Amino acid sequence: MQRFASPLVLPLICASLWIVAGSAQAATAIQDRADRFLSLVNAGYQALYRVNSEAQWAASTDVTPAHDAASEVAGKAYAAFNGNPALITEARALLDHRSELDPLTVRELEKAIRNAAEGPMTNPELVAARVAAETQQASTLNSFEFKLHGKPVTANGIDDLLLSTTDLGERRAIWEASKESGPALKPGLIKLRDLRNGVAHELGYADYFALQMAAYGMTSAEMVKLNDDFMRELRPLYLQLHTWVKYTLAKKYGQPVPRLIPAHWINNRWGQEWPGLVDAADLSPYFKGRSAEWVVQSAERFWTGIGLAPLPPGFWKNSDLYALPANSTRKKNTHGSCWHVDLATDIRSLMNVEPNPEWFETAHHELGHAHYFMAYTRPEVPPLLRDSANPGFHEGIAELGELAAAQVPYLQQIGVLPVDFKADEIAFLLNDALNGSSIPFMYWASGTMTHWEADVYAGKLPVSEWNARWWQYVRDFQGIEPPAPRGEEWCDAATKTHINDTPCYYPNYAFATVLRYQLHDHIARSILHQPPQRCNYAGNPQVGAFLKGIMEKGATGDWRKVLRDATGEDLSTRAMAAYFQPLQAWLEAQNKGRAPGWE
Ligand SMILES: [Zn+2]
């Protein structure tokens with residue numbers, strides 16, 4: 001950061017004085033200079049984005065050492081362009097004249113700076129050290145071998161055991177085994193905290209957390225406050241849910257009702273969702289006899305049915321949608337994802353679709369991303385701004401597809417559920433509230449994850465307090481406690497993959513969750529005139545037109561205005577609380593005479 005100060009500031013002050021004293025012609029000259037610069041940057045960005053995506057795609061769909069090596073090379077070329085010192089210098093020089101530039105130009109320049117900040121080649125040693133440390137951490141993470149009673153167990157194996165084991169002693173052993181990767185990952189995380197903050201400093205951001213929040217035009221403190229507001233507003237519902245779950249689990253395990261929920265009682269290692277508690281909402285039997293192809297085609301029929309243009313033919317040719325046969329020698333990534341390979345019409349999805357409710361919802365989710373890519377791929381949106389209004393919008397729209405796909409009337413219309421199916425509405429709502437990114441998830445994402453990473457990156461929390469702070473937040477926000485005290489020899493935060501490889505990302509998930517319910521509420525009430533808990537988007541072109549209005553803007557406008565123009569409302573958990581209102585009333589009746597909370 002300092003290295004820029006003296007050589008640049010002086011000539012820029014002079015230049016701006018000259019502009020003020022000069023004529024409109026000078027302002028036009030600045031805009032012309034920016035236009036010329038940005039046409040070069042957009043072209044280079046799009047070309048290298050494509051080279052990088054192609055290489056990453058090959059490495060994700062066919063995992064080989066050669067593809068890994070090629071993707072590393074492509075990643076370096078992409079970063080070398082984005083973080084090029086000449087690019088940084090000119091973008092900053094132009095931004096010093098932001099008042100003379102049109103707003104779209106300013107947004108493009110700011111995006112170029114944020115891209116550069118991930119790997120600013122003004123400090124190549126720092127960038128190289130970060131790349132090496134990120135690679136090392138990923139390797140430690142991927143190769144860590146969990147052990148249970150001295151025998152190796154995979155992470156999936158741990159999850160399966162938690163879902164099926166009822167003996168509390170054994171559950172504690174499984175949960176404790178899941179925390180053993182923390183100490184192995186801690187040294188790398190300490191190093192990465194400093195290197196990530198270092199690259200952010202290089203371009204003038206206070207810290208890495210602040211850099212990530214800049215995409216919202218918000219400071220770290222503003223983002224933390226927004227997340228605190230989410231939690232405060234949803235707290236009455238969370239307390240009822242927490243109380244009901246606490247009593248239900250105590251009964252299940254034959255234990256006295258605790259004040260805080262012991263972490264090893266919950267089927268998720270971090271308590272970020274609370275699965276396995278509602279049998280009446282299990283849709284698995286209804287997918288028997290369906291094909292995986294039918295699942296993906298249904299998802300595309302959903303999006304085109306609401307009036308969005310069909311995905312380009314290349315999507316069906318180039319995507320990798322289905323699980324590999326057991327005897328396949330090829331290895332591919334198992335998570336669902338969607339790719340805008342060339343920031344134009346080459347759109348692909350990587351999935352492992354099987355005919356079950358989880359993949360049915362995931363297919364609606366991933367194709368939501370694909371239709372978002374299509375909507376903003378138009379000449380009015382320059383490649384640098386072919387992105388969502390803020391990072392939470394992309395996930396919010398994709399999650400909206402999932403929420404719509406889980407609505408009973410929709411499932412009846414497309415024949416998954418029989419027409420005379422009588423849904424236990426409370427069971428469905430309870431299932432919605434407990435699983436996926438919903439109510440407990442908000443206290444994990446907005447609470448524990450956001451606060452801990454803000455403390456570590458922005459607050460420079462001493463390493464000697466990392467684990468104590470982590471459990472303070474788990475207790476305060478989530479109402480969960482470990483089976484026994486966890487000292488600083490552990491680093492339980494680092495057992496979460498995203499703490500290592502996707503830092504400071506959880507505010508995006510919390511935002512997306514709130515946004516999803518807000519958009520859904522608007523669609524259900526104002527467009528479909530149906531109750532949000534039981535509605536059907538299928539075949540309604542007004543729903544598609546509403547979403548297209550949001551999506552086709554890409555990142556060209558302020559997200560607050562995009563949201564207000566679309567829904568008439570500012571960001572709020574109002575819709576989320578309203579969606580679960582019938583559940584809240586039911587929980588209050590169930591919890592009558594019980595003391596909610598853990599204070
Ligand atoms: Zn997604």
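1. The open sheet has three strands in the order β4-β6-β5, with mixed pairing. Strands are DSSP runs of E of at least two residues, and helices are runs of H or I of at least four, both numbered from the N terminus. Two strands pair if DSSP finds at least two bridges between them. The edge strands, β4 (320-322) and β5 (337-340), each pair on one side only. From one strand to the next, the twist averages 20 degrees.

2. This is a predicted model: local features need pLDDT of at least 70, side-chain atom pairs count only at pLDDT 80 or more, and totals for chains, interfaces and linings use all residues. Residues are numbered from 1 along each chain as its sequence is written, and side-chain values use heavy atoms, with hydrogens and water left out.

3. How many bridges join β5 to β6? Four do, and the two strands run antiparallel. Strand β6 spans residues 347-353. Cys 338 has Ser 349 in β6 as its bridge partner.

4. Two helices should be read together with the sheet. Helix α12 (residues 292-305) packs on it and touches β4 and β6. Contact means heavy atoms within 4.5 Å. The direction of α12 makes about 125 degrees with that of β4. Angles run from 0 to 180 degrees between N-to-C directions, and axes are lines fitted to C-alpha atoms, for helices over the stretch in contact. Helix α14 (residues 357-376) lies across β5 and β6 and runs at about 175 degrees to β6.

5. Next, a helix pair. The axes of α7 (residues 155-164) and α8 (residues 168-178) come within 10 Å and cross at roughly 155 degrees. That makes α7 roughly antiparallel to α8 (the term covers angles over 145 degrees). Ile 158, Leu 161 and Leu 162 in α7 meet Arg 171, Ile 174 and Ser 178 in α8. The residues of this contact divide into four nonpolar, one polar and one charged. Ala, Val, Leu, Ile, Met, Phe, Trp, Tyr, Cys and Pro count as nonpolar; Asp, Glu, Lys and Arg as charged; the others, Gly among them, as polar.

6. Check the backbone at Lys 460. Its phi is positive, about 50 degrees, although Lys 460 is not a glycine. Lys 460 is in the loop between α18 (439-458) and α19 (466-478). Is Lys 460 buried, exposed or partly exposed? Its relative accessibility is 42%, so Lys 460 counts as partly exposed. Buried means under 20% relative accessible area, exposed over 50%, and partly exposed in between (1.4 Å probe, protein chains only).

7. His 529 also deserves a look. Its phi is near 55 degrees, a positive value in a residue other than glycine. His 529 sits in the loop between α21 (506-528) and α22 (541-551). With a relative accessible area of 63%, His 529 is exposed.

Note on methods. Angles under 35 degrees count as roughly parallel, over 145 as roughly antiparallel, 65 to 115 as roughly perpendicular and the rest as oblique.
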